[in-house]
Amino acid sequence: MSNASGKPTSYSRVTLSRIMTAVDVNLYGTVHGGVLMKFVDDVAGASAARHSGGTAVTAAIDEIVFSEPVRVGDLVHAHAQVNWTGRTSMEVGVRVVAERWDTAEDEPVPVATAYLVFVGVDVAGGPREVRPVLPETAADHRRFREAEIRRAHRLARRQAIQRHREVG
């Protein structure tokens, strides 16, 4: 695929929002990390599908960091965009913020960040090529370069483990 068939970063941006309820809580009274992980995967999947123009499946959750607890009643927004594309894979970055129900006029609180890898798939379930992402802003270009670093680390880690298994 040529760059002419690429899409700008802004094309892949998706936001999902929901109010957290009592069914979302863990034993400590805050929203369960697994609930947020599914929310992150949902918004990232929507972004990957939009960018690639078809089905995309989660291949890896490269990193997820929870920085603040989420509480019942918080209005939570998950913002996603495709940061980087390879031939069949994409890295999607997700930022999650919460509007506290009791201080709704305050700025939303950053609660989590994540990087996920998606692969475009065809109707038979095999990998399919995805169009390139075309970074627009300085921040988009920075995210693209950082995604390449994360990809290089994933591949190096996989190769190091494989070498270790062959020796051991």
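Tutor: Not counting residues up to four places away in sequence, Thr85 touches His51, Met90, Val130, Arg131, Pro132, Val133 and Phe144, where contact means heavy atoms within 4.5 Å. This is a predicted model, in which local features need pLDDT of at least 70 and side-chain atom pairs count only at pLDDT 80 or more, whereas totals for chains, interfaces and linings use all residues. Residues are numbered from 1 along each chain as its sequence is written, and side-chain values use heavy atoms, with hydrogens and water left out.

Student: Is Thr85 buried or exposed?

Tutor: Thr85 counts as buried because its relative accessibility is 12%; buried means under 20% relative accessible area, exposed over 50% and partly exposed in between, with a 1.4 Å probe and protein chains only.

Student: And what does its side chain reach?

Tutor: The side chain of Thr85 reaches the backbone nitrogen of Val133 at 3.0 Å.

Student: Which strand is Thr85 in?

Tutor: Thr85 lies in β4; helices (H or I, at least four residues) and strands (E, at least two) are DSSP runs, numbered from the N terminus.

Student: What is the strand order in the sheet?

Tutor: The five strands form an open sheet in the order β2-β4-β5-β6-β3, with antiparallel pairing, and two strands pair if DSSP finds at least two bridges between them. The edge strands are β2 (14-19) and β3, each of which pairs on one side only.

Student: How many bridges join β5 to β6?

Tutor: Ten bridges join these antiparallel strands, β5 and β6, and Ser89 stands opposite Val119 in β6.

Student: Changing topic, which strands does α1 lie across?

Tutor: Helix α1 (residues 33-52) lies across β2, β3, β4, β5 and β6, running at about 45° to β4; axes are lines fitted to C-alpha atoms, for helices over the stretch in contact, and angles run from 0 to 180 degrees between N-to-C directions. Helix α2 also packs on the sheet, touching β3, β4, β5 and β6, and its direction makes about 75° with that of β4.

Student: Which residues of α2 are buried?

Tutor: In α2, Asp140, Ala147, Arg150 and Arg154 are buried, and what covers the buried residues of this helix includes β3 (56-66), β4 (75-85), β5 (89-99) and β6 (109-120).

Conventions
Polar contact = N/O pair within 3.5 Å; in protein donor to acceptor, adjacent residues only side chain to side chain.
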